[in-house]
Amino acid sequence: MDIQGDLNVSGVITSLSGIWGAPNTFLSFRTNGTERARFDHIGNLSASGTFHTMGQIQQPDGTAALPSYAFGLDVDNGLYRIGANIVGLSTNGTEVQRWSAAASKITGTLNVTGATDFDAA
């Protein structure tokens, strides 16, 4: 099929594999008639299935209020980079734990159930 000019489609294309989209709206990737990934008009990526990478996933540092790794409907909970070799965990936009090579620090109350061994060595 050779198409020159605009192609406007109304409805769902179910029999195609490939790349498709709507101008200024989204770009979608389909296989066997099923949408697998979509970029929307502001750059958000949504995907179904398992995500595999051949290298690192690199994110901006983030903050306690807006961590780099957060949850879709709860964006002030997650993991972020506090500084060189220091990772933080936040809930409700507040740091609750940090990890570094030297120590793990918990902010707030630590409730422990069961046997616990705090080895100072």
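Reply: Let's start with the surface. Accessible area is worked out by the Shrake-Rupley method with a 1.4 Å probe, and for residues only the protein chains shown count as cover. Here the protein chain exposes about 9900 Å², with carbon and sulfur atoms supplying 55% of that. Keep in mind that this is a predicted model, where local features need pLDDT of at least 70, side-chain atom pairs count only at pLDDT 80 or more, and totals for chains, interfaces and linings use all residues. Residues are numbered from 1 along each chain as its sequence is written, and side-chain values use heavy atoms, with hydrogens and water left out.

Me: What share of the residues in the protein chain is buried?

Reply: First, the cut-offs: buried means under 20% relative accessible area, exposed means over 50%, and partly exposed is in between (1.4 Å probe, protein chains only). In this chain of 121 residues, buried ones make up 13%.

Me: And what secondary structure does the chain have?

Reply: Helices (H or I, at least four residues) and strands (E, at least two) are DSSP runs, numbered from the N terminus. This protein chain has zero helices and nine strands.

Me: How do I tell which strands go together?

Reply: Two strands pair if DSSP finds at least two bridges between them. Take strand E1 (residues 18-22) and E2: they pair in the antiparallel sense over five bridges, and Ala22 has Phe26 in E2 as its bridge partner. E2 then pairs with strand E3 (residues 34-40), again antiparallel, over six bridges. E3 in turn is joined to E4 by three bridges, and these two also run antiparallel. In that last pairing, Ala37 sits opposite Ala47 in E4.

Me: What happens in the turns between them?

Reply: Look for residues with a positive phi. The hairpin of E1 and E2 has three residues between the strands, and Asn24 in its turn has a positive phi of about 60°. In the hairpin of E2 and E3, two residues lie between the strands and Asn32 takes a positive phi near 50°. E3 and E4 form a hairpin with four residues between them, where Gly43 has a positive phi of about 100°.

Me: What does Ser28 touch?

Reply: Contact means heavy atoms within 4.5 Å. Setting aside neighbours within four places in sequence, Ser28 is in contact with Gly18, Ile19, Trp20, Glu35, Ala37 and Arg38. Across the strand pairing, Ser28 stands opposite Arg38 in E3. There's a polar contact too (a pair of N or O atoms within 3.5 Å; within protein, one must be able to donate a hydrogen and the other to accept it, and residues adjacent in sequence count only if both atoms are side-chain atoms). That one runs from the side chain of Ser28 to the side chain of Glu35, at 2.6 Å.

Me: How many salt bridges are there in the whole structure?

Reply: A salt bridge is a side-chain nitrogen of Lys or Arg within 4 Å of a carboxyl oxygen of Asp or Glu. The search finds three. Glu35 pairs with Arg38, the closest N and O atoms being 2.9 Å apart. Glu35 is partly exposed at 28% relative accessible area, and Arg38 is partly exposed at 26%. Arg98 and Glu95 also form one, again with closest N and O atoms 2.9 Å apart. Here Arg98 is partly exposed at 25%, whereas Glu95 is buried at 16%.

Me: And the remaining one?

Reply: That's Arg81 with Asp61, at 3.1 Å from N to O. This pair links distant parts of the chain, 20 residues apart: Arg81 is in strand E6 (residues 74-83) and Asp61 is in the loop between strand E4 (45-47) and strand E5 (69-71).
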